[in-house]
Amino acid sequence: MSILSPSLHIHNMKPTRYCITLFLCISSISVPLLVSSQACQRTCGKIPLKYPFGSGPGCGDARFQKYITCNDQKLTFTTHTGCYPVTNIDYSNQVMYVTDASMSTCACTQPSKGFGLDWDGPFSFHDDDVFTLLDCSIDSSPIYKSNNNAYDTNTSAVPLCDKKGASICSFLYSCRAISMLNLPISTCCVYTPVDLGPSFEMDLQKLQCSSYSAFYSFDGQDYNPENWKYGIALKYKFNVYNDYPGSCAHCEESNGACGYSAVAYNSFICNCPSGINTTTDCYFEAAFNNALPRQTVTWSVYPLASIPALFLFLL
């Protein structure tokens, strides 16, 4: 009885020649599977994942690995101040949007610790971000300085806030959630990192403010804070020169996911849909699958260890 499948019977062939042909056939199909690994996800929930973001170790850019994670189909951004859900990624403009559950909005106000970025991370605040400090202490907060004008008796402290943000405070304090607290408008300040401290840190405890609100767009309704886009917009960079790697572009064009090797930090690999990692792209995979007769594909499931035994048996 022949051990070969009916579709692969070959008659009148010398055993030695047949064994060599069979060995080469099995080896050529099995070798790519030896370098296979867990496939990188192309999405996390509803958010597409493209370079430099990845779903796990070996996917995306290694520098982003400790900041971006995908667990239970939820994309999360992590810094030294906490973990924040990622709501959207604008790949064309290199902007990532996150939310802070402890942040106050027009619908809800609550205590918060603030928000900060790791100084050595590949992220920075977008120019569209507006941070508003709420319920700040006029007496002890560093965002106020003493008024040395002896002729001005109306106030004893001058806010070091963005003067253009006065109207923003007015609109926010008209929100029902904030107006019910009966906070004076003078305790609100539009945060300007240049004046108030490092641009990567907003420590509300040091600033003596109970909460903050952040938004990145008025959404065409400057006078209606209920419809502002609350959250934080973060710019990210691919590298020092912010160049998109050409090898990664070819990889994604071939339906692959850009990644890196766990052995070499600066290495590049292209993770194909089947899970095979290559150093080029995934075009070979489609060509390889289309070129093989259907019946020969079954040989790829044979473990490599069984090849010597099969070879000797046929001799």
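Modeller: Let us begin with accessibility: a residue is called buried under 20% relative accessible area, exposed over 50%, and partly exposed in between, with a 1.4 Å probe and protein chains only. This is a predicted model, in which local features need pLDDT of at least 70 and side-chain atom pairs count only at pLDDT 80 or more, while totals for chains, interfaces and linings use all residues. Residues are numbered from 1 along each chain as its sequence is written, and side-chain values use heavy atoms, with hydrogens and water left out.

Colleague: What describes a pair of aromatic rings?

Modeller: The distance of the centres and the angle of the planes describe it. Rings of Phe, Tyr and Trp (its six-membered ring) pair if their centres lie within 6.5 Å, and planes under 30 degrees apart count as stacked, over 60 as edge-to-face and the rest as tilted. By this rule the model has 23 aromatic pairs. Tyr51 and Tyr244 make an edge-to-face pair, because their ring centres are 5.6 Å apart and their planes stand at 80°. These two residues are 193 residues apart in the chain.

Colleague: Is Tyr51 buried or exposed, and how does Tyr244 count?

Modeller: Tyr51 is buried, with a relative accessible area of 11%, whereas Tyr244 is partly exposed at 33%.

Colleague: Which kind of pair do Phe131 and Tyr191 form?

Modeller: Their centres lie 6.2 Å apart with the planes at 90°, so this pair is edge-to-face. Phe131 is buried at 5% relative accessibility, and Tyr191 is buried at 8%.

Technical notes:
Helix = DSSP H or I, 4+ residues; strand = E, 2+ residues; numbered from the N terminus.
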